[in-house]
Amino acid sequence: MSTVTRFAPSPTGLLHIGGVRTALFSWLYARRHAGQFILRVEDTDRERSSDEAVRVIIEGMRWLGLVADQGPFYQTARFDRYKAVISQMLTQGVAYRCYCTKDELEALRSAQMLAKEKPRYDGRWRERTDVREGVQPVIRFKNPLQGEVIVEDQVHGRVVFKNSELDDLVIARGDGTPTYNFCVVVDDMDMGVTHVIRGDDHLNNTPRQMNMLAALGSKAPIYAHVPMILGADGAKLSKRHGAVSVLQYEEDGYLPDALLNYLVRLGWSHGDQEIFTRAEMIAAFDVADVNKSASAFNPEKLLWLNQQHLMRAEPMSIVPYLKPHLVRVGIESHDDDLLANIVLAQRERVKTLKEMAQNSRYFFGETVVLDEKSVAKHLTPESLSLLGELREVLAALSIWNAARIHEALNTLATAHTLGLGKIAQPLRVAVTGSTISPPIDVTLELIGQKHTLARLDAALG
């Protein structure tokens, strides 16, 4: 039987790293076993769902490269199917109409709490067939009263639930809309999901869902409930820890492979290996190896991993991710070879693509903005005289590459019995605007002869 996993986020909040890690685990498991990965948007909570949250889910998954084999499916487009299944369950006697009012349910809850009992519905309409006029009934699943539900969880091991502790779950509200736990069951059944990998906050939902699947004559999938991600201080992950929209990481200049590499290591390991390519993750990942305990989010480790991926990746593969950041600083370039060489020159000096774009503006255009302090220190009358000579030497170069430029600088330095830095630093200020850049010969090659000479002319003028 082919492996089928799914990622089923609810668009009631923006997709953040906790959800991304669940999606990643599901995607990796499907890829490892040559199976299918489904994207399903669970938007039945129409009051709290938002179009913006849906956009972040779709665009975030696309940016991450977690491509679904099927979907996205939307639960709100499947209401007819849910109604048909509820009708079937009513006919079979595994569901019933409950006419309890809100006041009655609140009185029941208060009485149970006063008696120090666990608040739960007592099944008072379970065997009734009469109708209460003026009340829109909810539909409840008739949960078994005896026996146990055993969840052989791939992360937590065997977890046993007594049916006597599970009440009859509402599967359709009074207005007819189906509830989350019911829709999940129908979707997993219809879509042939074989493995459900989700957060361990869903573990308590599992026995009811398994009972409903059994009532519908369907086999339950294999479950794996992964622990949550905590902040570095051990508290529940929040915005101050990094629980921001996944697209914020794109805006901040992270590579998707670096973010996924970081998330896969939160609660899972493969020996001592820290840095994984996507192919290595697929080859090594097994959900059975995920730890039971929660993991802490460490932004410094993520930043380090991002730089490691920048340094190890093929420069040309970084270009599509660099381009949007250049656009954000006002630069649009279609010269992919130039951009790949900029990546190669800059990647050991930056930790993010945002930083790379901001530090690479001087590679484009005829003019640069000069830093006043750098100008005052390095563009002295003596250095400008040297730059005047150097301008003529550089203008005479028929081959413009780092080697020829380096040779020209060395020749001039030797002629004046100066260290190379005495020429390189004024030159760097004149052509980049500041004292910081990759090696000056590499920098000039990337800026190009025409723009280099134009900037020297401006400095000399």
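Of the 47 residues in the largest nonpolar core, Val-246, Leu-259, Leu-263 and Phe-285 touch the most other members. A nonpolar core is here a set of buried Ala, Val, Leu, Ile, Met, Phe, Trp, Tyr and Cys residues joined through side-chain atoms within 4.5 Å; buried denotes under 20% relative accessible area, exposed over 50%, and partly exposed the range in between (1.4 Å probe, protein chains only). Two or more residues of this core come from each of α1 (17–32), β2 (36–41), α2 (51–64), β10 (222–226), α7 (246–251), α8 (256–264), α9 (278–284) and α10 (299–312). Helices (H or I, at least four residues) and strands (E, at least two) are DSSP runs, numbered from the N terminus. Helix α1 gives the most to this core, with nine residues. The model is predicted: local features require pLDDT of at least 70, side-chain atom pairs count only at pLDDT 80 or more, and totals for chains, interfaces and linings use all residues. Residues are numbered from 1 along each chain as its sequence is written, and side-chain values use heavy atoms, with hydrogens and water left out.

When neighbours within four places in sequence are left aside, Leu-259 is in contact (heavy atoms within 4.5 Å) with Ile-17, Trp-63, Leu-64, Val-246, Tyr-249 and Leu-302. A second, separate core comprises 46 residues, including Leu-322, Val-343, Ala-345 and Leu-444.

Charged side chains were examined next. A salt bridge is a side-chain nitrogen of Lys or Arg within 4 Å of a carboxyl oxygen of Asp or Glu, and by this rule the count comes to 27. One of these joins Asp-187 to Arg-40, with the closest N and O atoms 3.4 Å apart. Asp-187 lies in helix α5 (residues 180–190) and Arg-40 in strand β2, so the pair ties together parts that are 147 residues apart in sequence. Both partners count as buried, Asp-187 at 0% relative accessibility and Arg-40 at 1%. Asp-187 and Arg-40 also belong to a network of salt bridges that links them with Arg-6, Glu-42, Arg-78, Arg-81, Asp-188 and Asp-190.

Arg-132 forms a salt bridge with Glu-104, the closest N and O atoms being 2.9 Å apart. Arg-132 is located in the loop between α4 (102–114) and β5 (138–141), whereas Glu-104 is in helix α4; the pair, 28 residues apart, links distant parts of the chain. Arg-132 is partly exposed at 25% relative accessibility, as is Glu-104 at 26%. A further salt bridge joins the side chains of Asp-122 and Arg-124 (3.0 Å, N to O). Asp-122 is partly exposed, with a relative accessible area of 42%, and Arg-124 is partly exposed at 37%.
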